[in-house]
There are 2 protein chains.
Amino acid sequence: MAAASHGPVVILAGGGALPERLARALQGRGREVRIIAFRGFTAWRLSRRADAVVDLLDIRRALNLLASWSPAEVVLAGPVQRPGPAAALGALASFRNRDEIASLLASGDDRLLTSVIRLIEEQGHRVSGIDGLAPELLAPAGVMSTVTPDDEQRQSMALGFSLLGSLSPFDVGQAAVIAGRRVAAIEGPEGTDAMLKRVRRLWGTRRLPKSHHGMVLVKTAKEGQDLRVDLPAIGPRTVIRAAAAGVNGIAVGAGRTLVIDPEETLQEAERRRLFLVGVSPRGAA
Amino acid sequence: MAAASHGPVVILAGGGALPERLARALQGRGREVRIIAFRGFTAWRLSRRADAVVDLLDIRRALNLLASWSPAEVVLAGPVQRPGPAAALGALASFRNRDEIASLLASGDDRLLTSVIRLIEEQGHRVSGIDGLAPELLAPAGVMSTVTPDDEQRQSMALGFSLLGSLSPFDVGQAAVIAGRRVAAIEGPEGTDAMLKRVRRLWGTRRLPKSHHGMVLVKTAKEGQDLRVDLPAIGPRTVIRAAAAGVNGIAVGAGRTLVIDPEETLQEAERRRLFLVGVSPRGAA
């Protein structure tokens, strides 16, 4: 069961607008696309035109569909809320031994998804990342906004990326807020929005006094991160919440961060006078 | 103005019970103690018997007192809420140039306190740490509680200390919560109590599912941290909030973490069946 080189791209479609945008991007590139929607997760509009709708935990059915379609590539897109431990245990039970499952559940979402990808690969399929299939959906390198970061803000950005680099070996969030040379927050499982809310509450208190230059939000994939498993994202809501928290600009890893709805994201940034920058892994924006 | 070798130990007394405990510990060791209380910060009981009460921002008066007492050692103890930027600026203005002050205010509390210590040292005084003057106030190495961590919890502890080690170069909190092999939270300027509250809200949600082994709180000073500037602390309240957040045990850096009210802290840990462990910088508890 080797991966077919001329078959369709199968999108395993989680929630949000990304799976549909990805499908459009792939069709624009002349690729044949098939969509497996997950009941209760995939957006209703996409589910209606999906080639199949399956239960998230019905791994065998999804694998059978893949086998019958002989896809050239398989791609995971859009978030899927993690099923409860008992449910995941049951679903994986016939594919993995008990110790392996218990070990997976004790670790982060990343290892759970990695295991799912490995399972698909074991069936002879090729699993690709959005970064390879449709790089136009990712943040470009350079300043995207009319506002540009000054030297001090660039220093905060560099500090932030260095911090995220140091955190790469650990299963933890991929974003942080830097105030001058100080770390105002590191994202945990709560996610970027909740982290920004926290900063908003702290900002201007004695614990996080305002400095004239405000703060920078940095977000990027971990070094060595399998982008098929987890691709950090920003969108219009990120900009709105960042501005509300006192953040003056956002720096993301170029080619390593999704920008959800780029036009609206940039518009919100312009409206709030935030800078928006994509930084290449090797350094300069 | 060299430091006198046989003069008193002068405690610059911030808030809380620590300055008084330190004074008792030093007197128990036969040291002569003088106390400078800061108006509005030092506990009322200690202020009454202090040798002088000064305004926090009246740096010149504090330095004049030190000069007249010729102390053998000076020690900072107990938290002092950071004054607002304008106030700090005014207080330091006659000792430091404007650029240096602006730079200090853009950075963390650590650098501000470091600058204050350097200023005292420039006057010829020796500034010591609580770890050197009264090490009995710090966490000992080994298991303090009757509950002991199991192998998996010890792995979480090791992961947590490794994480805090990676964060050492950055001006950020010195505590984290580990759930299995996953990082549940890293402390920012909000402090340990607020971080535990955050974990409490996340614990049991899909973002941080419960695992049978629960979580471990780790806390210690940064590698290379000047313990005169900042000494992490735990106390009874830490234990109570940790237990409420779903934490099963607390591991602190032995000799590098204050235990506020050790008897009550241990009692709370026993009552809630938490383990309490001091871990030496070189490893094993």
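This is a predicted model: local features need pLDDT of at least 70, side-chain atom pairs count only at pLDDT 80 or more; totals for chains, interfaces and linings use all residues.
Trainee: Within what arc do the buried residues of H11(B) fall, seen down the axis?
Mentor: The buried residues of this helix are Thr265(B), Glu268(B) and Ala269(B). They line one face of H11(B), because, viewed down the helix axis, they fall within an arc of 100 degrees.

Trainee: What covers the buried residues of H11(B)?
Mentor: The buried residues in question are Thr265(B), Glu268(B) and Ala269(B). The elements of chain B that cover them include E10, H10, E12 and strand E13 (275–279).

Trainee: Which residue just after H11(B) takes a positive phi?
Mentor: The phi concerned is about 60 degrees. The residue that takes this value, just after the helix, is Arg273(B).

Trainee: Where does Asp261(B) lie, and is it buried, exposed or partly exposed?
Mentor: Asp261(B) occupies the loop between strand E12 (258–259) and H11 of chain B. Its phi is positive, about 50 degrees, although the residue is not a glycine. Because its relative accessibility is 30%, Asp261(B) counts as partly exposed.

Trainee: What is the phi of Gly246(B), which follows H10(B)?
Mentor: Gly246(B) comes after helix H10(B). Its phi is positive, near 100 degrees.

Trainee: Are H10(B) and H11(B) roughly parallel or roughly antiparallel?
Mentor: Two packed helices are described by the angle between their axes and the distance between the axes. For H10(B) and H11(B) the axes lie 8 Å apart and the packing angle is about 20 degrees. This makes the two helices roughly parallel.

Trainee: Is the crossing of H10(B) and H11(B) left-handed or right-handed, and how many charged residues does the contact have?
Mentor: The crossing of these two helices is right-handed. From H10(B), Pro236(B), Val239(B) and Ile240(B) meet Glu264(B), Thr265(B), Glu268(B) and Ala269(B) of H11(B). By class, this contact has four nonpolar residues and one polar residue, while the charged residues number two.

Trainee: How many helices and strands does chain A have, and what share of its residues is buried?
Mentor: Chain A has 11 helices and 13 strands. Of the contacts in chain A between residues at least 6 apart in sequence, 72% join residues at least 24 apart. Of the 285 residues in this chain, the buried share is 55%.

Trainee: How are H10(A) and H11(A) arranged: roughly parallel or roughly antiparallel?
Mentor: The axes of helix H10 (residues 236–244) and H11 of chain A come within 8 Å and cross at roughly 20 degrees. Such an angle makes H10(A) and H11(A) roughly parallel.

Trainee: Which residues of H11(A) make the contact with H10(A)?
Mentor: The crossing of H10(A) and H11(A) is right-handed. On the H10(A) side the contact is made by Pro236(A), Val239(A) and Ile240(A). On the H11(A) side it is made by Glu264(A), Thr265(A), Glu268(A) and Ala269(A).

Trainee: Is Thr265(A) buried or exposed, and what is its relative accessible area?
Mentor: Thr265(A) belongs to helix H11 of chain A, residues 262–271. Leaving aside residues up to four places away in sequence, Thr265(A) touches Ile234(A), Gly235(A), Pro236(A), Val239(A), Val259(A), Ile260(A) and Leu276(A). Thr265(A) is buried, with a relative accessible area of 0%.

Trainee: What is the relative accessibility of Ser70(A)?
Mentor: Ser70(A) is in the loop between helix H3 (59–69) and strand E4 (73–77) of chain A. Its phi is positive, about 45 degrees, although it is not a glycine. Ser70(A) counts as partly exposed because its relative accessibility is 38%.

Trainee: How far apart in space are Ala72(A) and Ser128(A)?
Mentor: Ala72(A) has its place in the loop between H3 and E4 of chain A. It is buried, with a relative accessible area of 6%. Ala72(A) and Ser128(A) are 56 residues apart in sequence, and their C-alpha to C-alpha distance is 9.6 Å.

Note on methods: Residues are numbered from 1 along each chain as its sequence is written. Chains are lettered from A and ligands numbered from 1 in the order in which they are written. Side-chain values use heavy atoms; hydrogens and water are left out. Helices (H or I, at least four residues) and strands (E, at least two) are DSSP runs, numbered from the N terminus. Axes are lines fitted to C-alpha atoms, for helices over the stretch in contact, and angles run from 0 to 180 degrees between N-to-C directions. Angles under 35 degrees count as roughly parallel, over 145 as roughly antiparallel, 65 to 115 as roughly perpendicular and the rest as oblique. A crossing is left-handed if the near helix is turned anticlockwise from the far one by less than a right angle, and right-handed if clockwise. Contact means heavy atoms within 4.5 Å. Ala, Val, Leu, Ile, Met, Phe, Trp, Tyr, Cys and Pro count as nonpolar, Asp, Glu, Lys and Arg as charged, and the others, Gly among them, as polar. Buried means under 20% relative accessible area, exposed over 50%, partly exposed in between (1.4 Å probe, protein chains only). The arc is that of the directions from the helix axis to the C-beta atoms.
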